[in-house]
Amino acid sequence: MMPMLPLMIDLTGKKVVVFGGGDVGLRKARYFAREAEVVVVSRDISVDLKDKGLRFVREDVRASFEQWIAWADYVIAATDDFSLNDMICTCAISMGKQFNRADGVGSFLIPSVIDRGNFVVAISTLGRSPAVSKALKEELDRLIDENWSLMVTLQEELRKEIKDKISDQRLREAVLRSVVQDKEILAMLGNDYQLAKKRALEKVNRGN
């Protein structure tokens with residue numbers, strides 16, 4: 001298993017080429033299309049792909065992959081042909097491009113993601129078990145409810161409000177942590193945000 005570090009990258013304005021128009025290619029293209037310019041290249045493109053706001057090029061991948069890899073910042077090899085994916089990844093390496101492959105480990109992996117708006121949880125088994133990644137996502141999705149997103153909003157507001165009240169940084173951090181750990185405040189956030197904030201400010205004023 002190759003050692004890898006998780007990173008969050010701004011892909012705004014970046015170009016991604018996805019080789020392969022099947023279900024796997026669709027899933028990967030959708031993932032990147034939230035920020036990047038994405039082109040899907042395949043001789044056969046599924047009907048579903050036509051309605052996803054992506055750019056599609058219907059052509060033989062073997063005839064054009066070098067051109068598209070030169071164009072892209074990130075390369076996805078998701079064809080159903082192992083040898084073709086090998087050729088795509090070898091070309092990406094020779095051009096110094098980051099690449100991902102559906103049938104193996106590339107220079108980057110695409111994690112399973114839980115997105116709550118105010119925070120993101122990314123899960124990966126480093127390509128060893130997609131089934132475990134999916135199961136972990138489902139388990140965490142059940143445990144991490146929307147109140148945690150509201151807790152991020154509350155913490156942002158509290159950090160601004162208590163800066164003048166508590167000069168000691170360590171004490172500020174301790175008070176904010178105590179708010180995060182208060183299960184009553186967490187449970188209250190989704191039902192009555194203002195009441196939850198009032199309880200949190202009471203803790204701030206007590207300094208605990």
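Reader: Which residue in β3 is the bridge partner of Val-40?

Author: Two strands pair if DSSP finds at least two bridges between them, and strands (E, at least two residues) and helices (H or I, at least four) are DSSP runs, numbered from the N terminus. Here, the partner of Val-40 in β3 is Phe-56. Strand β2, residues 37–42, pairs with β3 in the parallel sense over four bridges. Before we go on, note that this is a predicted model, in which local features need pLDDT of at least 70 and side-chain atom pairs count only at pLDDT 80 or more, while totals for chains, interfaces and linings use all residues. Residues are numbered from 1 along each chain as its sequence is written, and side-chain values use heavy atoms, with hydrogens and water left out.

Reader: In what order do the five strands of the open sheet stand?

Author: The order is β3-β2-β1-β4-β5, with parallel pairing. At the edges are β3 (55–58) and β5 (98–101), each with a single partner strand, so one side of each has no neighbour in the sheet.

Reader: How many of the five residues of β1 are buried?

Author: Buried means under 20% relative accessible area, exposed over 50%, and partly exposed in between (1.4 Å probe, protein chains only). Four of the five residues of β1 are buried, so this strand is largely enclosed by the rest of the structure. Its pairing with β2 is parallel, over five bridges, and Lys-15 stands opposite Glu-37 in β2.

Reader: How many disulfides does the count come to?

Author: A disulfide is a covalent bond between the sulfur atoms of two cysteines. The cut-off is a pair of cysteine sulfur atoms within 2.5 Å. By this rule the count is zero. Cys-89 is in no disulfide, its nearest cysteine sulfur being that of Cys-91, 9.9 Å away. Cys-89 is buried, with a relative accessible area of 5%, and Cys-91 is buried too, at 8%.

Reader: In which sense do β6 and β7 pair, parallel or antiparallel?

Author: They pair in the antiparallel sense, over four bridges. Val-113 stands opposite Ala-122 in β7. The two strands form a hairpin with four residues between them, and Gly-117 in the turn has a positive phi of about 85°.

Reader: What is the phi of Leu-126?

Author: Most residues other than glycine have a negative phi. Leu-126 has a positive value, near 60°. This leucine is found in the loop between β7 and α4 and counts as partly exposed, at 26% relative accessibility.

Reader: Where is Ser-124, and which residues does Ser-124 touch?

Author: Ser-124 is in the loop between β7 and α4 (130–143), and at 39% relative accessibility counts as partly exposed. Leaving aside residues up to four places away in sequence, Ser-124 touches Leu-109, Pro-111 and Ser-133. Another serine, Ser-149, lies in helix α5 (residues 147–162) and is buried at 8% relative accessibility. With the same exclusion of residues up to four places away in sequence, Ser-149 touches Arg-116, Asn-118 and Phe-119.

Reader: How many residues line the largest pocket?

Author: On a 1 Å grid over the protein atoms alone, a pocket is an open set of points where a 1.4 Å probe fits, with protein on both sides within 12 Å along at least five of seven lines; lining residues have an atom within 4 Å of a point. The largest pocket is lined by 25 residues, with Leu-7, Met-8, Tyr-31, Leu-109 and Pro-111 nearest its centre. Its volume is about 950 Å³, where grid points are joined across faces, edges and corners and the volume is the space filled by probe spheres set on the points. β7 gives the most to this lining, with three residues.

Terms used
Contact = heavy atoms within 4.5 Å.
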